[in-house]
Amino acid sequence: MKKAIVIFGATGNLTYKKLLPALNVLINNKRINLDDKIFLVARKDLTLNEYIDDAKTQVSKYIDWDTLSNYLEYIKMEVEQTDSYGVLKDTLDSNGYSDTTFYLALPPELFPIVSSGLNQSGLVKKGEESKRIVFEKPFGQNLKTAEEINRVLWKYFDESQIYRIDHYLGKEMIQNILIVRFANKIFEKTWNHNTIRSIVIKAKETEGIMNRGNYYDKIGALKDMLQSHLLQMAALIGMTKPSSFKSEDIKNAKVRIFKDLEIDKNSVVLGQYKGYLEEKHVAKESKTETFVFAKANIKNNKWKNTPIYFITGKKLDEKRSEIIINFNDDSQLQDMFLGAKKNNTKLIIKVAPEDGVLFQLNVKQPGLSDDIISGNLDYCHTCNWVGNTPEAYEKLLLDIISDNKTLFTRWDEIEAMWKIVDEINGDNLERYIYSNYAHLRQMIKDSKGVDIDDL
Ligand SMILES: NC(=O)c1ccc[n+]([C@@H]2O[C@H](COP(=O)([O-])OP(=O)(O)OC[C@H]3O[C@@H](n4cnc5c(N)ncnc54)[C@H](OP(=O)(O)O)[C@@H]3O)[C@@H](O)[C@H]2O)c1
């Protein structure tokens with residue numbers, strides 16, 4: 001069966017920065033066949049050569065344009081006009097493309113319109129196995145709007161045809177979490193509140209919103225990061241062993257965690273970086289948060305009294321995404337070893353910029369003293385595989401065209417995640433204005449008595 005990938009929103013940031021480079025790699029690795037085609041759909045009146053000339057000025061990663069261009073076709077189309085889908089259908093049908101992926105790299109408000117257009121034109125029939133539709137995040141703005149979008153999708157498609165993207169799930173170390181946890185008995189047996197004191201999930205960025213005010217000002221850090229990436233990481237860390245490692249069983253185990261996870265409203269700190277209001281396309285008196293700190297608990301027997309701290313934001317001190325598992329100290333340690341430090345055994349799952357796992361454990365200080373110091377067992381996931389570890393979008397696109405749904409979000413996950421975030425989003429929480437990370441850290445220390453660098 002000849003395969004087609006149709007990208008709606010081909011003139012957008014996501015297509016230029018992520019999708020085209022990922023497709024270029026998949027083609028070079030022969031994961032996409034010569035018979036297959038990538039249809040670039042957008043509303044600008046362009047020839048393919050003009051599109052490529054524009055794209056070259058936007059794409060920052062290496063692309064072998066001579067090869068990629070053989071797979072590309074540009075189609076001008078107004079996605080809001082229902083009669084415009086006929087041209088696309090004729091093109092696909094007349095060239096024999098019967099296995100098709102429709103990727104909506106579009107603003108989410110267009111999801112229902114395009115879904116209707118695809119179905120009404122006969123491009124995608126409900127339940128048709130060889131037709132997939134991919135939706136980017138954010139999926140809605142809250143539970144209510146997500147439900148509205150989903151109702152439309154379920155009217156036109158089966159859940160099995162729907163791929164909701166959370167690109168964090170395509171990252172190597174996020175996929176590695178379950179392996180580290182369940183393929184190492186040493187962790188599986190100790191992965192609970194008896195042994196683990198706290199969990200910290202961080203996604204810190206140094207950059208601001210970088211000209212994406214149109215998108216970001218409507219969304220903010222709670223919805224952009226916590227509702228999706230951070231909660232997904234919490235579920236992978238918190239879940240009990242699924243009954244199998246099949247996609248549906250992993251999702252069931254995640255949903256159980258989302259249902260038990262509660263954010264302590266009193267712990268939440270929202271911040272906005274100084275200068276945010278001067279960014280392009282940001283409302284004059286915008287209250288959109290660019291930083292979130294929150295403490296949560298998973299209300300089940302496995303995790304009672306083990307807090308999870310979420311930290312995410314822009315214009316912070318470093319670019320770093322990681323999960324820190326802080327183990328309990330041994331209360332008898334200090335009687336046995338005079339120099340013992342408390343609480344310094346931790347496992348750090350490094351997601352970005354490095355991929356890896358660091359196990360920080362207590363060791364004897366070299367020399368004549370009996371002091372205890374921290375030693376690191378540091379596994380670098382990429383070091384021995386330079387050039388071979390796929391980018392998230394390479395993995396996700398390959399999984400979509402291969403009908404593998406493990407790394408995509410099922411509706412009940414989205415629903416449960418929105419319930420968690422809506423609980424805090426409804427409150428009119430104060431937004432602290434921070435000039436830099438040190439300032440923010442001090443404000444949280446003063447207002448909540450927590451040092452976020454000490455968690
Ligand atoms: N960029 C990222 O890194 C990133 C990361 C995660 C998720 N996402 C998600 O991916 C989706 C696309 O994001 P993006 O950053 O690529 O946005 P973008 O740069 O604003 O591009 C949006 C695309 O949609 C088209 N479009 C907008 N309104 C349209 C309309 N009324 N009719 C037809 N086409 C329309 C634009 O066409 P014109 O060029 O003609 O305006 C453009 O091709 C969004 O859902 C976003 O949340 C993006």
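Predicted model: local features only at pLDDT ≥ 70, side-chain atom pairs only at ≥ 80, totals over all residues.

**Entry 1: the cysteines.** I started with C380, which is partly exposed at a relative accessible area of 27%. C383 also falls in the partly exposed class, with 46%. C380 and C383 are joined by a disulfide, S to S 2.0 Å. As a reminder to myself, a disulfide is a covalent bond between the sulfur atoms of two cysteines. The angle about the S-S bond is 95°, and that makes the link of C380 and C383 right-handed. How many disulfides does the count come to? The count comes to one.

**Entry 2: the ligand.** Next I looked at what surrounds the ligand. There are 20 residues around it, and T11, N13, L14, K44 and K137 come nearest. N13 puts a polar side-chain atom 2.8 Å from a nitrogen atom of the ligand. E80 does likewise with a polar side-chain atom, at 2.9 Å from a ligand nitrogen. With L106 the backbone is involved: one of its polar backbone atoms is 2.9 Å from an oxygen atom of the ligand.

**Entry 3: cis peptide bonds.** K137 came up again here. The peptide bond from K137 to P138 is cis, with omega near 0°. P138 sits in the loop between β5 (131-135) and α6 (143-156). I also noted a cis bond from A352 to P353, again with omega near 0°. Where is P353 found? P353 is in the loop that runs between β13 (346-352) and β14 (356-364). Worth noting as background: most peptide bonds are trans.

**Entry 4: positive phi.** Most residues other than glycine have a negative phi, so I wrote down the exceptions I came across. K30 is not a glycine, yet its phi is positive at about 60°. I found K30 in the loop between α1 (13-28) and β2 (37-42). Is K30 buried or exposed? K30 is exposed, with a relative accessible area of 68%. K315 is another one, with a positive phi near 55°. K315 belongs to the loop between β11 (308-313) and β12 (320-327). At 38% relative accessible area, K315 is partly exposed.

**Entry 5: around α1.** L34 counts as exposed at 70% relative accessibility.

Then I went into helix α1 itself, where N24 is found. N24 has 3% relative accessibility and counts as buried. What does the side chain of N24 reach? It reaches the backbone oxygen of Y62, at 3.4 Å. Setting aside neighbours within four places in sequence, N24 is in contact with Y62, I63, D64 and L68.

**Entry 6: helix α14.** I kept this helix for last. α14 covers residues 437-448, 12 residues in total. From first C-alpha to last, α14 reaches 16 Å, close to the 16 Å expected at 1.5 Å a residue. Which residues of α14 are buried? The buried ones are Y437, L440, M443 and I444. They cover an arc of only 120° around the axis, so they lie on the same side of α14. The general rule behind this kind of pattern: an α-helix has 3.6 residues a turn, so residues three or four places apart point the same way.

What do the buried residues of α14 pack against? They pack against β7 (196-204), β9 (269-273), β10 (291-298) and β16 (431-434). On the face turned away from the buried side I found the exposed residues A438 and D446.

N436 caps the N-terminal end of α14, with a side-chain oxygen 3.2 Å from the backbone nitrogen of A438. Just after α14 comes G449, which takes a positive phi of about 70°.

Technical notes: Residues numbered from 1 in each chain as written. Heavy atoms only, no water. Helix = DSSP H or I, 4+ residues; strand = E, 2+ residues; numbered from the N terminus. Expected span 1.5 Å × (residues − 1). Buried < 20%, exposed > 50% of the residue type's maximum accessible area, 1.4 Å probe, protein only. Arc of directions from axis to C-beta. Contact = heavy atoms within 4.5 Å. Polar contact = N/O pair within 3.5 Å; in protein donor to acceptor, adjacent residues only side chain to side chain. Disulfide = S-S within 2.5 Å. Near = heavy atom within 4 Å.
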